[in-house]
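Reader: I am new to this structure and would like to understand the terms used for it. Could you take me through them, setting each value against its cut-off?

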Amino acid sequence: MAECHPVGYQWVMEARQRGAKVFHIDPRFSRTSATVDRYLQIRAGSDLVLTGALINYVLSNELDFREYVLAYTNAATIVSEDFRDTEDLDGLFSGYDPETGRYDTASWAYEGDTGQTDEMSEGDQRHAEAAGSDSYGARGAGSTATPPQDPTLSHPRCVYQILRRHFARYTPERVAELCGIAPEQFAELAEAITANSGRERTTAWVYSVGWTQHSVGVQYIRSAAILQLLLGNMGRPGGGIMALRGHASIQGSTDIPTLFNLLPGYISMPHAHRHDGLDDYLKREGGDTGWWGNRRAYMVSLLKAWWGDSATEDNDFRFDYLPRLTGDHGHYATVMGQIDGTVKGYFVVGENPAVGSANGKAQRLGLANLDWLVVRDLMVIETASFWKDAPELETGELSTEEIGTEVFFMPAASHVEKDGTFTNTQRLLQWREKAVDPPDDCRSDLWFYYHLGKRIRQRLGAGQVDPTDRPLMELTWDYPEEGEHRDPSAAAVLREIGGVDAEGRPLGSLRELKPDGSTSCGCWIYCGVYADDVNQAARRKPRGEQGPVAPEWGWAWPANRRILYNRASADPEGRPWSERKKYVYWDAEAGRWTGPDVPDFEEDKPPSYRPPEGAKAQDAIAGTDPFIMQSDGKGWLYVPSGLADGPLPAHYEPHESPIRNTMYGRQSNPARRTVDRPENPYNPALSPRFPYVFTTSRVTEHHTAGAMSRTLPYLAELQPAAFCEVSPELAEQVGLENGGWATVVTSRTAIELRVLVTNRVRSLRLGDTTVHQIVMPYHWGYGGGGLVTGDVVNDLSPVVLDPNVYIQESKAGTCDVLPGRRPRGAALRALIERYRDG
Amino acid sequence: MDETPTRRMGFFTDTSVCIGCKACEVACKEWNDVPDDGFVFRATSYDNTGALGADTWRHVAFIEQDGRWLMSSDVCKHCTNAACLDVCPTGALFRTEFDTVVVQSDICNGCGYCVPACPYGVIDRRERDGRAWKCTMCYDRLRGGLEPACAKACPTTSIQFGPLDELRERAQERVERLHAEGRTDARLYGESPDDGVGGTGAFFLLLDEPETYGLPPDPVVTTRDLGEMWRWAGVAAFGLAGAVAACFLRRS
C-alpha cells in the first residue's frame, strides 16, 4: 500500500501513530513492510492456506462474534443434501464435469431451493459460461428469502458445520509447510485479529492485485469475506475489506463499466441466445426478494437514459437495442480472436496491453494481425509502436513489412486537462475541474467518443436509415458543447447518470427510480449524484468543518453512504454493539435509523419488522437483515450460487508452481481457464526446469506500464532500469551479482533485468524444500517514449485465468534464472525451445 | 511584500514516518526546475540519485538492515553558523529574513569555495554551468506565504515545515513518545544550538547513528577556527616583521 498508494497510506501511518497494529503479508518486503508492526513473508500463491487457517482458528476456538454471525450471516442456513464438499471429493466440489472443466452449481443450493435452481439452471449455465460471475451483477445469485435454518448451528448440513469441516485441514502446520510462515508468527497474527474484533473493536483487511491476479483470486477475497463475517467486521466502522485499485477511478470503470459483461450499476449484459425480451431477461436475472427485486426500475431507467423518448412501454423500452453477449468477449479471448483473424479492429484507450497484459508476445501477435487499431493515450505507447519496435521483430517472428495493421494514434488529454470525476475504492466520487486546456490535438475521451458518435450518426442519417442502425440513431446524444473544440459538458453527462424525472428534474435518490419509464438514470447506483441540481461530487467541505464521516466531501454511491451494510453496526434490536463502535442505530422514539452516516436500510423499517408471505424486493427483508442486496438479507459465508469454482474457498496451487498441493489431490483450481495454444505454452507444474517462483509488482516511482512515468525525467531517474530482486542465497546459487544482469526464462520467453540482491527477499524454507522467489516490477517496455526502457516483465506471464472474472495469474508463476544478459534474435528463440523441449 | 523580520523557519524531518515515496525529491525538482541527475541504476537499495548535490536538493536514503529498512529524506541543513556563507567571496550566498541560507544564482561566479566548506557535503557545483546550487527552502514560496514544495508533497508529514522553535518542541515530544513506546533508538540530529554548527535550521529524527544515514556524527563549521587562524597568522606575521626589523636594527 505504501508502494502503490502512498497518499492513501498516510491514514495507515496516522492510525499506527494512534495505536493501531498493522500486519503486512506479502512475498516481497516493500516500503509497506518497512513501516508496519509485523511483516510476514509468504510464498506467492499460497495465501488461501493462511486465510483458511485463520478461519479455522476462529471456528475451532469458537472466537466468532456469535450474536452477529447468527443474526446477520447464513451460518444457520441448511444446504441441500446433494452438496458434496472438497472434503468428500478430494479437492472437488459436487457438480464437476471433467470434460468441460466446469461446475454445475445446482447441488450447491440451499435446502428446498430446487424451484429456483430448476428455473435458473438451464439458461444460467450457458450465461455463466459466457460471462463469469459478473453475469449475476450486484445481486449475487438467486435464492429464497427464507431458506430453512438451524439456529443451534448443530445441523450437520448447516453452513456453520460445513465450514468447520471444510476448514479443519487448514492448520498452522500447513501454513508453515505451504506459506513459509512459522507457527509463532501465525499465532501472533491470529491472536491479534481475533482480539481486535467483536463488540468493542474491529479489524480491516486491505488487498490489491496481489490477491486478485491468481487462477483462484476471487476465492482469496471470499476467504477474507468469511473471516470478516465470522468476526463481525462488516458494515461497522473500522472494519471491512478494502480493495485498492490499480489506478485512479478503476472503481468508476467497473461501476460504469468498461467490462464486456456488465451494464452500468452491475446490471448484467443480456445474452443473445438466452433473453427474448425485457420480461424474460428480468425474470432470469435474479430472485424477487432483496433490493435487487427492484431491477426493473433500474433497467428501465437506464434504457430511458440511453434511448429517451424512443423507449416506451410498448417497445420494451428498446431493450432489443442493447448489444448481446454470445460468449466470452474478455480481453484474452479478444486477443486470441485477433490472432485467429476473427477480430479485425481494436480500440485501446488508456491501456498498454503490449506491456501491461500477460504474455506480451501473444498481445503483439494479435495487434499485428488486425486491420485497424486505434490507440488513445498520452504517449505513443508500445501498443501503438509495436510494428516498428516489438521484440518479435528482432527474433524474426514479426516483420514490419508484413504487418498490415493500420494504426491510428489519437493523443489524449490528461486528468488536469479535462473536467470529470474520479471514483475511488471507497465508492467516493470526487469532481475535478479542468486546470489547463490540453495542448495541440490532445482531446478528452469524452470529446473523442461524443464527436465520433456524432460523425457516425451524421453519415448513417444521410439517407434511408437501416433498421440495424436505429439503436445508434435513436440514442440520446446531445450534450451542451463548450469552448473552441466543442467539448461536451462533463457535468451534463454526470447529471444524466445521476437521473432525472419525467420533467427533467434531477432525482434525489435511487428510491425514486420507477419501472414505468417515468424516470431515466444512466447508472442506478449513482442516482442522486446531481440531487437538487447540484453537482454533489464537487463538494469540498474540509474535514475540520464536519464530523469524521465527512458526508459533505464529494459523494459516495449509493445514496452518499460511506459504509455499506451499516445496519450491521447495530445489534438485531437496533442498539449499537458498543458505545465505542456506535455508528448507525435505531431511534425508537423517532421511529427511524440514525447516525453520522446515511443508513443502508429503509430509514423507517423497525428492527421488529418481519416480511409477510410473498413479499417482494426490500419488503422481503426483515428488520434484522443488513445485507439488503442479497435475496435472504444475509452475509454469505457459503455462496450457494454465483461463483464458478466453488461455494467455499479451497487452496489450489498456481497453474505454474514448484510445490505439490498437499491440501488436496487436485494440484490447481479445477475450474481455472487455460488457453491451450502454441502462442501460450505453459511451464509444467513441478518442473525442475523452472524451479523458482516469480511474482510481478510495482514500485512507487513508476505507474503501471510506464508511459506516464518513464517519460518524465524526475521519475525515470528514480528507478532507471528494469530490475529483479533476489535473495543473497539465490544470487549465490545462480551466480548473480548485485548491479549485474540476470536473464529470467519461462516457456513464453526470456527477458533480461538488472539485479538487486537484497536481504529483503528471503528464500523460504518449506519443510525439506527451499523456495526462491524473484520479484520483478513490470514498469518497463521497449519504447513508449521512455527516457528509460527495458524488457517487458509481463512477457514472462502465462495466460491462465480465474474462472469467475477472467483475470490472469500474473502474481505467481515459475521460471528459471541465468546470470548475464539474454541471447538476441534467433538465439533467444533457440533458448526458449530448449527449455520447452526439456 | 511584508519586509518585517520573521521567525526563523526550518524543517523537521521525522524519519520514523518516512515511507520512502520520494515525493519530496520530485516536488523539489518540479518547483525549482532542477535538472535530472542522470539515469543510473546504482544497485544500492531503492536509491538511484545517490546523494545531495547540485541536481538533487532532497535525497531519500534507503538503508537495508536486518529486518529493517530505514528511509530518510536528507536536505541542506541551513546551519546557524554556515561555512558556505562565510567563505562566499561574491555575496551570492546570503541569509534570508527567514534565517535560511540561499545561493543567488545570478551572483554566484562558480568559484566553488563553498563546496569544501560545507561540513555535510551538501552544496555542489553543477557541471554544465559551474555555479553552486542547493536547497533554498523554497525561498520564493516562503515569500509568497507558502510552505516549501517538499513539505507540501510529503504524504505522511515526515517533512514538517514551520517556525524552528515550535518544530524543536514538537520533535522533543515525538522523540519522548517513541522512547515511551520502547523505540529507544530514536534520537534528534541537528536540533541543538550547542553543536558544531550552532544547530541546524533543518534537523532530523533518526532511528540509528547519524553515520548509518551518511550524516557526520559531529559536524563542525569549517570556518570555526578561521578567526583564530588569522590571529595566529597575524602574530606570526608580526613576529616575522619584528625579526626582520631586528636584523636591520642589528646591522645598523
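Predicted model: local features only at pLDDT ≥ 70, side-chain atom pairs only at ≥ 80, totals over all residues.

Reader: What makes α3(A) roughly antiparallel to α8(A)?

Author: Helix α3 (residues 47-60) and helix α8 (residues 172-179) of chain A pack at an angle of about 170°, with their axes 9 Å apart. Angles over 145 degrees count as roughly antiparallel, and therefore α3(A) is given that description relative to α8(A). On the side of α3(A) the contact is made by Val49(A), Leu50(A) and Ala53(A), and on the side of α8(A) by Pro172(A), Arg174(A), Val175(A), Leu178(A) and Cys179(A). The residues of this contact divide into 7 nonpolar, no polar and 1 charged.

Reader: Which residues of α8(A) are buried, and what covers them?

Author: The buried residues of α8(A) are Pro172(A), Val175(A), Ala176(A), Leu178(A) and Cys179(A), and what covers them includes α3, α9 (183-195) and β24 (764-766) of chain A. Just after α8(A), Gly180(A) takes a positive phi of about 85°.

Reader: Why is Glu729(A) called partly exposed?

Author: Glu729(A), which is found in helix α24 (residues 728-734) of chain A, has 15 C-beta neighbours inside 10 Å. A residue is buried at 20 or more such neighbours and exposed at 12 or fewer, so Glu729(A), with its 15, counts as partly exposed. Leaving aside residues up to four places away in sequence, Glu729(A) touches Ser763(A) and His772(A). The C-alpha atoms of Glu729(A) and Ser763(A) are separated by 6.9 Å, although the two residues are 34 residues apart along the chain.

Reader: And why does Gly483(A) count as exposed?

Author: Gly483(A) has 10 C-beta neighbours inside 10 Å, and because 12 or fewer is the cut-off for exposed, Gly483(A) is placed in that class. This glycine is found in the loop between β14 (481-482) and β15 (487-488) of chain A. The C-alpha atoms of Gly483(A) and Gly238(A), 245 residues apart along the chain, are separated by 45 Å.

Reader: Which residues have the most contacts inside the largest nonpolar core?

Author: They are Cys724(A), Val744(A), Ile774(A) and Cys84(B), in a core of 233 residues. The largest share of this core, 9 residues, comes from α3(A). Apart from it lies another core, of 41 residues, among them Leu262(A), Tyr281(A), Leu429(A) and Tyr530(A). As for Cys84(B), the residues it touches include Leu93(B), Val101(B), Cys114(B) and Ile123(B), not counting those up to four places away in sequence.

Reader: How many residues does each chain bring to the contact of chain B with chain A?

Author: Chain B brings 25 residues and chain A brings 31 residues. On the side of chain B that touches chain A, α1 (23-32) and β3 (68-75) each supply at least two residues, and the largest share, 5 residues, comes from α1(B). The residues on that side of chain B divide into 12 nonpolar, 5 polar and 8 charged.

Reader: How is chain B itself divided, and how far apart do the centres of its domains lie?

Author: The domain assignment gives domain 1 (9-221) and domain 2 (223-252) of chain B, and the C-alpha centres of these two domains lie 42 Å apart. Chain B comes to 7 helices and 10 strands, and of its 252 residues 40% count as buried.

Key. Residues numbered from 1 in each chain as written. Chains lettered and ligands numbered in written order. Helix = DSSP H or I, 4+ residues; strand = E, 2+ residues; numbered from the N terminus. Domains from an automatic or database assignment. Axes fitted to C-alpha atoms, helices over the stretch in contact; angles between N-to-C directions. Parallel < 35°, antiparallel > 145°, perpendicular 65-115°, else oblique. Contact = placed C-beta atoms within 7 Å. Nonpolar A, V, L, I, M, F, W, Y, C, P; charged D, E, K, R; others polar. Core = buried A, V, L, I, M, F, W, Y, C linked by C-beta atoms within 7 Å.
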